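Please walk through this model with an eye on its aromatic rings and on one of its pockets. Keep the structure open while reading.

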Amino acid sequence: MENINQILKEQKDFFYSDLTKNIDFRIKTLKKLKNIIKENEEEIMIALNKDLKKSSFESFATEIGMVYDEINLHLKNLKTWAKKEKIKTSLVYFPSKGYIYKEPYGVVLIIGPFNYPFQLIISPLIGAISAGNCSIIKPSENSPNTALLLEKLINSNFDKSYITVINPLGGKETISYLLDLKFDYIFFTGSIKVGKIIMEKASKNLIPVTLELGGKSPCIVDNTANIALAAKRIVWGKFINAGQTCVAPDYILVESTVKEKLLIALKEEIIKQFGSNIKDSPDFPRLVNLDAINRLKGYLNDGDVFFGGDVCDKDLYIEPTLLINIKDNSSVMKDEIFGPILPIIEFCNLNDAIKFIREKEKPLALYYFSEDKKLIEKVLSKVSSGGATINDTIIHVASSKLPFGGVGLSGIGNYHGKASFDTFSHSKSIVKRGTLLEFPFRFAPYNDRIHLLKRFMK
Ligand code: NAD
């Protein structure tokens, strides 16, 4: 672990060389990162397949392609984002000019989860580079092939005093050690439980944090919705990466008059997308480990299986499963499911569905399938969530132009595109005063000038 202290010191020294503040240097680094990924696409897809049995299509769409979009947006806009912003100043301090300077924090720590193990390390890294920081990266040990590949690609192409991957197979001991060090920023993606540990430890040194967490993201379907299309889009968003997606629809609240129709449509869609022998489908990934299988198996007893329910421990496989007649107070409706099990609960009145969601913690995402514009606005204004997609699932996360993050227990802060640049930059307020004029107004003795002051400040 002493090695880590030495690397942190070297990164702090490198940061104070001021080279990372140079815009051309940042652009060159982003281009270099993109080239490294381009040259190693195949290897990245192989590692993701070994870790989670992701298909090449899924790996490209959700891990590699997203990262290209993000880099391209930064390359296009970085110069504009990094410019000092001119701000009007008060007449009281005439003559003066106000500015906001975007200043990199210094050395940032990026900690990733197992489920999108490539994208969720590289996306924040792009923001960190773009804003002019040095980075120490800790990928998840639970996706070991991708973690080792990240170490190889990053550490053989960048100087460790600028960007480095640390102990890729190290577990919470490595992270605990890292969290005692004085980083300038911590960017964490993972569970709420570990998010709390990160924030507690960061608070000892008052290190600012972004916490990209999870939770139970609801999906409402009302009786105006296009049911066939809703089913298609829900099946896609729920079962991509075998349900191990932070913004996957966690459960469905369906208006009782269309419940049967939706159930049949969901079942048909699952078969359409993955075939009748899903276990052999090359497009359906696997759970991360046996702990995940054991946790998820328990949920199958929390209701009746309408479709699916097949489990193979050895193959880390759980069939896409539709669960109905959910028992009151069951675990499946308390924990984040994070797997291919979809509980379906009916409601008679939209207000009841809204109340049901509001009684839980604020979710990372909200989905609502409806053709009623007024009801859509009602749901959006009444339910607080990190983000939302109407009449589809997940896709608000895919746009690098929309900030992505949680609210309440689903997270603190956001990133993607400009939001990433801002997240990894401190906004430094500057006033530059002229020296040719000075009004005695603000200096003691004040006499009865308070009357004049009240005219300015009312
Ligand atoms: P996790 O919280 O278990 O692990 C995340 C990271 O924390 C890993 O690198 C792990 O090594 C480390 N870690 C684990 N236990 C630790 C401890 N006790 N102390 C210090 N570090 C520890 O999360 P996961 O299982 O890898 O990922 C699944 C969770 O992440 C889900 O809750 C999901 O919703 C969330 N997630 C959120 C986003 C998002 O962008 N909001 C994206 C992906 C995943």
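**Rings and a pocket**

One aromatic cluster is formed by Y105, Y185, F187, F404, Y415 and F424. The model is predicted. Across the structure there are 18 aromatic pairs.

Take the pair of F60 and Y68. Their ring centres lie 6.1 Å apart, and their planes meet at 65°. Planes over 60 degrees apart count as edge-to-face, so F60 and Y68 form an edge-to-face pair. What about exposure of the two partners? F60 has a relative accessible area of 33%, so F60 is partly exposed. Y68 has a relative accessibility of 7%, so Y68 counts as buried; the cut-off for buried is under 20%.

Is Y99 buried or exposed? Y99 is buried, because its relative accessible area is 12%. Y101 is at 26% relative accessibility and therefore counts as partly exposed.

In the pair of F60 and Y68, the tyrosine has K38 over its face. K38 lies 4.2 Å from the ring centre of Y68.

Now turn to the pocket. Rolling a probe the size of a water molecule over the atoms shows where empty space is left. The second largest pocket has a volume of about 490 Å³. How many residues line the second largest pocket? The lining holds 24 residues. Nearest the centre of this pocket lie E58, T62, Y116, W236 and I240.

Which helix gives the largest share of the lining? It is α4, with five residues. Helix α4 spans 56-82. At least two lining residues also come from each of α5 (119-131), α10 (259-274) and α14 (395-398).

The class make-up of this lining is 16 nonpolar, six polar and two charged residues.

Terms used: Residues are numbered from 1 along each chain as its sequence is written. This is a predicted model: local features need pLDDT of at least 70, side-chain atom pairs count only at pLDDT 80 or more; totals for chains, interfaces and linings use all residues. Side-chain values use heavy atoms; hydrogens and water are left out. On a 1 Å grid over the protein atoms alone, a cavity is a set of points where a 1.4 Å probe fits but cannot get out, and a pocket is an open set with protein on both sides within 12 Å along at least five of seven lines; lining residues have an atom within 4 Å of a point. Grid points are joined across faces, edges and corners, and a volume is the space filled by probe spheres set on the points. Helices (H or I, at least four residues) and strands (E, at least two) are DSSP runs, numbered from the N terminus. Ala, Val, Leu, Ile, Met, Phe, Trp, Tyr, Cys and Pro count as nonpolar, Asp, Glu, Lys and Arg as charged, and the others, Gly among them, as polar. Rings of Phe, Tyr and Trp (its six-membered ring) pair if their centres lie within 6.5 Å; planes under 30 degrees apart count as stacked, over 60 as edge-to-face and the rest as tilted. Buried means under 20% relative accessible area, exposed over 50%, partly exposed in between (1.4 Å probe, protein chains only). A charge sits over a ring if NZ of Lys or CZ of Arg is within 6 Å of the ring centre and within 35 degrees of the ring normal.
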